[in-house]
Amino acid sequence: MRKFCSLDLMAIMFSLGCLPLLFLPQLLSNWQWYCIAVILFILVLVVPIKLRYFLFVWVMFFLGFLWSNAYCKQYLSNISSYIDKTLVVRAKVVNINTHQAVTVIEPYYLPFSIFSISEVMLSNNIPISIYWDRLELPKSGQIWQLTLKTKVVHGYLNDGGFDSQRFSIANRSILSAKLIDARLLDSQSDLRQTIVDLVLPYIDLFDYRGILLALAFGERSQLDDSHRMVMMQTGVAHLMAISGMHILVVFSFSCFLVKALLFFIPQRFIYFFVPIIIGWLCALFYAWLTNFNPPTLRAILALSIWIYLRYKKHQISAWQKVNRIIALLLLFDPLMILSESFWLSCYAVISLIFLFDWLPLPKSVKNKKRWYVLRLLHLQFGLTLLLLPIQFLVFQGFSAVSILTNLIAIPIISLFTFPAVLLALISSVVNCFSSALWFWFIADKSLEWLFLSLNRLNLLWLKIPSDFYLLSLLGWLAVVIIRTRMWRHFSITLLVILMIIVTPFFKQQQYRWRLDMLDVGHGLAIVIHDGKSAILYDTGATWEKSSAVKKVIIPFLQWHNLNVQGIIISHQHNDHVGGLELLKSLYPKAWLMSSSYDLNNDYPCLAGNHIIWNDLTFNVLWPTQLVKYAQNKDSCVVQVTVGLFSVLLTGDLERNQEYQLITKYRDQLASTILQIPHHGSSTSSSYAFLNHVKPVKSLASTSRYNPWKLPSNKVITRYQDLHLDHYVTARTGQISLFFDKHTWKLKTMRGEIKPRWYHDWFGSLPIYE
């Protein structure tokens, strides 16, 4: 029975106990936590000794569950009382600053650790990310007195979109702040920043500055967006993120240099473990230089366990090592389980072990140098197949040329770029100018050659709709079938498994048509679709470096595999028309309707016009004339009807136009669903208009921290006075309406579609609660 109490089983059950953090709609309340703890304690006391080993397995699971819940609650409780407040704090810069000194302000986020608030020392430091918009360059280790207006990261939550709240909690950066005032108290920077300051003058000379910083210090904030996109779409992004490969190169390189030096030392002073220990110390120093980011921490922990086992002459399998490392990491930081990088690196290591255990090459191929290319192909092709599930889940696609690009990139990075970066770091620190400049030049030139190849091969990035994710399991299934020869005895089982995997091709749609109000912040983007093709009503805003189309709309369309057939623009304010140009370039055949004659309409938005699309009728109610530049009062108002139900889309319609619509249409305005005009501004949603529309549900699109504080208190009061249910995307995330012939239902991302504790509204609730 004692085998049920083995260290490996304990590690597995503890890790599984942390897993529910990914799916829990809410963390345990205090009384729930104590109830489970007390029940476990009682069971340990009363269960007979014969069954105690079985019980111990489940005790480890619930210990992991309780520990992870308590850890997350502690983190949230530390910051909850400081959300949406103006604070005077003392804080320490906790990350290196790699920004260049400039005369023009280029704001960026910088992590601090608050240790004092209003002259009161804190028992636990609070991590915070501050939007720095000053010319001063804070350095790691410096102490600042700051006046801050705090807030929390409140991400856009949509199908297929990036989950910024989960990312922020996993990295303990959920609390952020706008800087009001700053005063330097202690200008002394730490050793990491000192090393960075010695290196930056060299790195700033080169074109691939961002990648050199990422390889030298694990600092990825300076990566150029075009480089980042090329690396992702060619499948080589993992080579630029410090991980096991880089730690292994540092360890091996250091061991090699030490062994070379030992040739000049008398034999009696030579010990077998000297190169290994010095190599480990160098790898540890490099991991510290990269701020012990999670992949680096996992790699250095794995290396440490390997050295310890070798010293003790213990033999455990690769599976056991990975299992124990994962458990140790989750014991140290349960929030890691929310990190995509954690899953990517763990999944990659597990895939490697699985590949070499279940589909190994013959010994003759393994040991001979002439088969190097074949071994590399086996590795790359196997990993490409096995990594498909995690690639689909994280990136919603994969690169069809990743095998070829990795065959090119891995030798260049591991043999030229990264060793050159290490030597350049050493030369820069010891102030050897010529050699430092030469090694940085080699590293930059090797990246130039690499990106020359990557840009030519960046042709086949394939976006995969969510319905087809099960197909990614075919790689794993193929390896298992080849190794076990299942087709000989389990052909029917295999057939059933294949049928399950291809079920998405035959999936029956659960609705006749669907309307999604996307969470695009302050702006509007509504997708009306039937599961295959879509009509868009407005396209969200364009921001300084991105847009709602890139971040929200395109990922949503690709997630659902939708083809845009038409676009309706309500008016020409940026928060409604910002993404039109990009969408037209991506879907050139899509027709356009608007109330501006400057936009090259296929259909003019004029009252009385209508379009029939897939049984849906789009009736135009307003405006009565086209204009050169459509403003709020010229909003294209469309009533979408089918059978018993209708949706009234109003753009940013204002009160005067509402009155004109009442006069013209009266009871014809009655609709099942109302898009709340002008994001809930007090200039719209008059009592008379709401009384004529009589919506069952009303939907508003706003951001949490919009400067106009929309929806306004007055408008919310009107909806409450008339007992009209209203939903706001800032609170709910994406709002989805599913229409059938006789019924319809509403679901929200934070409510019914994807309720998670890390999607909660942290801080004080809004007026519309």
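This is a predicted model: local features need pLDDT of at least 70, side-chain atom pairs count only at pLDDT 80 or more; totals for chains, interfaces and linings use all residues.
Helices, of type H or I and with at least four residues, and strands, of type E and with at least two, are taken as DSSP runs and numbered from the N terminus. On this basis Asn600 is placed in the loop between β12 (591-594) and β13 (603-604).

Asn600 has a positive phi of about 55 degrees although it is not a glycine. Its relative accessible area is 66%, and because exposed means over 50%, Asn600 is classed as exposed. Asn291, which is likewise not a glycine, has a positive phi of about 70 degrees and is found in the loop between α9 (274-289) and α10 (294-312). With a relative accessible area of 39%, Asn291 is partly exposed. A further positive phi, near 55 degrees, belongs to Asn561, which follows helix α20. Most residues other than glycine have a negative phi, and most peptide bonds are trans.

Cis peptide bonds are described next. The bond from Trp622 to Pro623 is cis, with omega near 10 degrees, and Pro623 is found in the loop between β15 (616-622) and β16 (637-642). A cis peptide bond also joins Leu710 and Pro711, where omega is about -5 degrees; Pro711 lies in the loop between β19 (697-700) and α25 (713-721).

Helix α1 (residues 7-18) has twelve residues and reaches 17 Å from its first C-alpha to its last, which is close to the 16 Å expected at 1.5 Å a residue. Within α1, the residues Asp8, Ala11, Met13, Phe14, Ser15, Gly17 and Cys18 are buried, and what covers the buried residues of α1 includes α3 and α11 (318-332). Helix α20 (residues 548-559) also has twelve residues, for which a span of 16 Å should result at 1.5 Å a residue, and the 15 Å between its end C-alpha atoms agrees with that value. The buried residues of α20 are Ala548, Val549, Val552, Ile553, Ile554, Pro555, Phe556 and Leu557. The cover over these buried residues of α20 includes the strands β8 (513-517), β9 (526-529), β10 (533-537) and β11 (563-569), together with helix α22 (580-586).

In soluble globular proteins, nonpolar side chains tend to be buried together. The largest nonpolar core of the model has 120 residues, and those with the most contacts inside it are Phe112, Leu146, Phe217, Trp440 and Trp757. Helix α3 (residues 49-80) provides the largest share of this core, eleven residues. A second, separate core of 30 residues includes Ile526, Met593, Cys605 and Leu616. For Trp440, when neighbours within four places in sequence are left aside, the residues in contact are Val199, Tyr202, Ile203, Phe206, Leu212, Ala216, Val421, Ala424, Leu425 and Ser428.

Thr417 has its place in helix α16 (residues 402-429) and is buried, with a relative accessible area of 0%. Leaving aside neighbours within four places in sequence, Thr417 is in contact with Leu215, Ile412, Ala443, Ser446 and Leu447. Trp438 is found in helix α17 (residues 433-457) and, with a relative accessible area of 52%, is exposed. Between Trp438 and Leu415 the separation is 23 residues in sequence and 16 Å in space, taken from C-alpha to C-alpha.

The largest cavity has a volume of about 30 Å³ and is lined by Val88, Val89, Arg90, Ser116, Ser118, Glu119 and Gln145. Strand β1 (residues 86-93) gives the most to this lining, with three residues. By class, the lining of the largest cavity has two nonpolar, three polar and two charged residues.

Notes: Residues are numbered from 1 along each chain as its sequence is written. Side-chain values use heavy atoms; hydrogens and water are left out. On a 1 Å grid over the protein atoms alone, a cavity is a set of points where a 1.4 Å probe fits but cannot get out, and a pocket is an open set with protein on both sides within 12 Å along at least five of seven lines; lining residues have an atom within 4 Å of a point. Grid points are joined across faces, edges and corners, and a volume is the space filled by probe spheres set on the points. Ala, Val, Leu, Ile, Met, Phe, Trp, Tyr, Cys and Pro count as nonpolar, Asp, Glu, Lys and Arg as charged, and the others, Gly among them, as polar. A nonpolar core is a set of buried Ala, Val, Leu, Ile, Met, Phe, Trp, Tyr and Cys residues joined through side-chain atoms within 4.5 Å. Buried means under 20% relative accessible area, exposed over 50%, partly exposed in between (1.4 Å probe, protein chains only). Contact means heavy atoms within 4.5 Å. The expected span of a helix is 1.5 Å times one less than its number of residues.
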